[in-house]
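Hi,

Here is the structure I said I would pass on.

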Amino acid sequence: MAKIVRMPPIPKPGRRVAPAAGYAAALALVAAAALAGFIVEHLEPTSSIALVFVLPVLAAALSFGWGPALLAALAGALAFDLFFTEPKGSLTIASPADVWALSLLLVVAAIASTVAAESRRRRLAAQLAADRAEALNGLARLVIEGAPRRRILQAAAEALFRICGAPAVVLLERADRLEVAAMAGGAELSAFDGEAARWTLAHRRATRAQAFPFDAAEFDLWPIGRRFGQGLALGVRNPSGEGRLRDERAPHVQLVGAYVAAALAQAPAAVGSAGS
């Protein structure tokens, strides 16, 4: 097996909120709306109390997406039926007006959640595009400024992580060992990934995770080239081995690789020094 030497890692970014937290928050918003409904009902009874339950749907859609918003809509309709229609505590609705109010709640909530969720999706897509551009701009700036090689390699790993949304590594070949020159996103390489990296550098061909002959590897790997007696490869974690995901990432990885190759070409004398 290839010997992998890990260099000091860069700081890991903060963890993302688990998807289940969005659904839990949606239910909490519905509970808060029900409490507000009880207060409004005791202060001034109104037939428009169903509209109170549209608010958690909007909040869930804007903050967590369409799934939590749908849950908020269904939970809100159930809470309205149980606590604010006669007979209370039952799913039976005696008043036609309440039937119309519940129907209106579901229609408004469905429309509002769809619009809000689409707005959130576009906002997140714009943020992702801006984050990717910022990562590439930061890497390009370091290359242009002639920053130390170690700093450029770390910036390359960070850029890959931000662009691909998965743990990323920059691998450096030195004689009989393979170094993790930089990592981001909590990347952890196995011996199988090390063997895949060795093959990638030796044959100058990219390898795919979970594909023969590296069925146990979890990183897609791309060779940058062999310059000044050393080989460099970029890796992005893809434990499922999904080809479509790899194809989507390939242009971004190749762009980052071009920046790194340009940096090495500018300062060949610095390549042999790990601290440079």
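**What I found**

W66 sits in helix α3 (helices here are DSSP runs of H or I with at least four residues, strands are runs of E with at least two, and both are numbered from the N terminus). Before I go on: this is a predicted model, so local features need pLDDT of at least 70 and side-chain atom pairs count only at pLDDT 80 or more, while totals for chains, interfaces and linings use all residues. Residues are numbered from 1 along each chain as its sequence is written, and side-chain values use heavy atoms, with hydrogens and water left out.

**The surface patch**

Back to W66: it counts as partly exposed because its relative accessibility is 47% (buried is under 20% relative accessible area, exposed is over 50%, partly exposed is in between, with a 1.4 Å probe and protein chains only). Together with L70, L74 and L106, W66 makes a nonpolar patch on the surface, with about 380 Å² of accessible area between them. Patch members need over 30% relative accessible area and no salt bridge; nonpolar side chains (Val, Leu, Ile, Met, Phe, Trp, Tyr) are joined within 5 Å, and like charges within 9 Å. The areas are Shrake-Rupley values with a 1.4 Å probe, and for residues only the protein chains shown count as cover. Helix α3 (residues 66-84) supplies the largest share of the patch, three residues.

**The chain overall**

The secondary structure comes to seven helices and five strands, in the order β-α-α-α-α-α-β-β-α-β-β-α along the sequence. The chain has 276 residues, and 42% of them count as buried. Of the contacts with a separation of 6 or more, 59% are between residues 24 or more positions apart (contact means heavy atoms within 4.5 Å).

**The cores**

A nonpolar core here is a set of buried Ala, Val, Leu, Ile, Met, Phe, Trp, Tyr and Cys residues joined through side-chain atoms within 4.5 Å. The largest one has 32 residues, and I152, L160, V170, V236, V253 and V256 have the most contacts inside it. Two or more residues each come from α4 (96-145), α5 (149-164), β2 (168-174), β3 (177-184), β5 (230-237) and α7. The biggest contribution is from α5, with nine residues. There is also a second, separate core of 26 residues, which includes V30, I49, V57 and A101.

Leaving aside neighbours within four places in sequence, its contacts include L160, C164, E218, D220, R249 and V253.

**Charges**

A salt bridge here is a side-chain nitrogen of Lys or Arg within 4 Å of a carboxyl oxygen of Asp or Glu. By that rule the count is nine.

- E118 and R122 pair up at 3.0 Å, N to O. Both lie in helix α4, four residues apart, about one turn of the helix. E118 is partly exposed because its relative accessibility is 29%, whereas R122 is exposed, at 57%. R121 joins these two in a network of salt bridges.
- E218 and R237 have their closest N and O atoms 2.9 Å apart. This pair links distant parts of the chain: E218 is in the loop between α6 (191-203) and β4 (219-227), and R237 is in strand β5, 19 residues apart. Both count as partly exposed, with E218 at 28% and R237 at 29%.
- D220 and R246 have their closest N and O atoms 3.8 Å apart. They connect strand β4 to helix α7 across 26 residues, and both are buried.

So which buried residue has no salt bridge? It is R249, whose nearest side chain of opposite charge, D220, is 4.6 Å away (Lys and Arg count as positive, Asp and Glu as negative; His and the chain ends are not counted). R249 is in helix α7 (residues 243-266). Beyond its neighbours within four places in sequence, R249 is in contact with C164, A166, V236, R237 and N238.

**One last pair**

S103 in helix α4 and A77 are 26 residues apart in sequence, with their C-alpha atoms 8.8 Å apart in space. S103 is partly exposed, at 33% relative accessibility.

Cheers
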